[in-house]
Amino acid sequence: MGHWDETYAARPETGLTWFEDRPVTSLALIDKAELPKGAAVVDVGAGASRLAGALIARGAGHVTLIDLSEDALNIAMRHVPAGASLSCVVGDVTEWVPDRAYDLWHDRAAFHFLVQPEQQDRYIAALHKALKPGGLVVLATFAPDGPATCSNLPVMHYDDTALAARLGARFTVLDSLRHVHVTPKGNEQPFTYLLAQRRED
């Protein structure tokens, strides 16, 4: 069993530090971007998130969930309405080859685990390959004053300027915000959120 399957097996979903009963901040940015009805969405590092169900309720046509933990994805699927167009990918997004073009790429707290520049480069390449020209990105990482580690793993920290720079010149920033997530134990974790758009080729 891998690190992330062990993590999800060790405690209930609601006890994990990143648990959100409702992904309010992500949804606020997605709503601001006015995601089209029938949109195709990929949620990277989806874990047990409830975002997929919320997006389908908003009219998303298809959602792809990517995570290193099959156990986490099984939990996420419980929150998706029966009959919804959903696919799950168990694996590393930096090695993923998308089989469709997406209107939205969402990532809350996966990118900051990529601490090597080569990993980050592969991630950005996968993002660009998966996203339609004009497609949207919602990307969230620990802020500069966020935790030093997460789930006993090292993480990177970004403010909005650094995160935009790492995305690169092919993306236009539409909005950014700071959000302080409160864990189930009451600890505060500051995040940087970025909403960006892939430029037309």
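Author: Ala, Val, Leu, Ile, Met, Phe, Trp, Tyr, Cys and Pro count as nonpolar, Asp, Glu, Lys and Arg as charged, and the others, Gly among them, as polar. This is a predicted model, in which local features need pLDDT of at least 70 and side-chain atom pairs count only at pLDDT 80 or more, while totals for chains, interfaces and linings use all residues. Residues are numbered from 1 along each chain as its sequence is written, and side-chain values use heavy atoms, with hydrogens and water left out.

Reader: How many charged residues does the lining of the largest pocket have?

Author: A pocket is an open set of points on a 1 Å grid over the protein atoms alone, where a 1.4 Å probe fits, with protein on both sides within 12 Å along at least five of seven lines; lining residues have an atom within 4 Å of a point. The largest pocket has a volume of about 690 Å³, and among its 40 lining residues the closest to the centre are Gly45, Asp67, Ala109, Ala110 and Phe113. By class, this lining has 22 nonpolar residues, ten polar ones and, as the number requested, eight charged.

Reader: Which element gives the most to the lining of the largest pocket?

Author: Helices (H or I, at least four residues) and strands (E, at least two) are DSSP runs, numbered from the N terminus. Elements that give two or more residues to this lining include helix H1 (3-10), strand S4 and strand S9. The most, three residues, comes from H5.

Reader: Which element gives the largest share of the lining of the second largest pocket?

Author: The second largest pocket holds about 230 Å³ of space. Its lining has 13 residues, with Arg11, Thr17, Trp18, Ser151 and Asn152 nearest the centre. They divide into five nonpolar, seven polar and one charged. The largest share, three residues, is that of H1.

Reader: Is strand S9 largely enclosed by the rest of the structure or exposed, and how many of its residues are buried?

Author: Buried means under 20% relative accessible area, exposed over 50%, and partly exposed in between (1.4 Å probe, protein chains only). S9 covers residues 188-198 and is largely enclosed by the rest of the structure, because the number of its eleven residues that are buried is nine.

Reader: Which residue of S9 stands opposite Val137?

Author: Two strands pair if DSSP finds at least two bridges between them. S5 (residues 131-142) is joined to S9 by seven bridges, and the two run antiparallel. S8 (residues 171-182) also pairs with S9 in the antiparallel sense, over eleven bridges, and there Val173 has Ala196 as its bridge partner. Opposite Val137, too, stands Ala196.

Reader: With which side chain does the side chain of Arg108 make a polar contact?

Author: Arg108 lies in S4 (residues 102-108) and counts as buried, at 12% relative accessibility. A polar contact is a pair of N or O atoms within 3.5 Å; within protein, one must be able to donate a hydrogen and the other to accept it, and residues adjacent in sequence count only if both atoms are side-chain atoms. A polar atom of the Arg108 side chain lies 2.9 Å from the backbone oxygen of Trp18. The side-chain partner, at 3.4 Å, is Tyr193.

Reader: How far apart in space are Val115 and Thr183?

Author: Val115 is found in the loop between S4 and H5 and is partly exposed, with a relative accessible area of 28%. Val115 and Thr183 are 68 residues apart in sequence, and their C-alpha to C-alpha distance is 23 Å.

Methods: Grid points are joined across faces, edges and corners, and a volume is the space filled by probe spheres set on the points.
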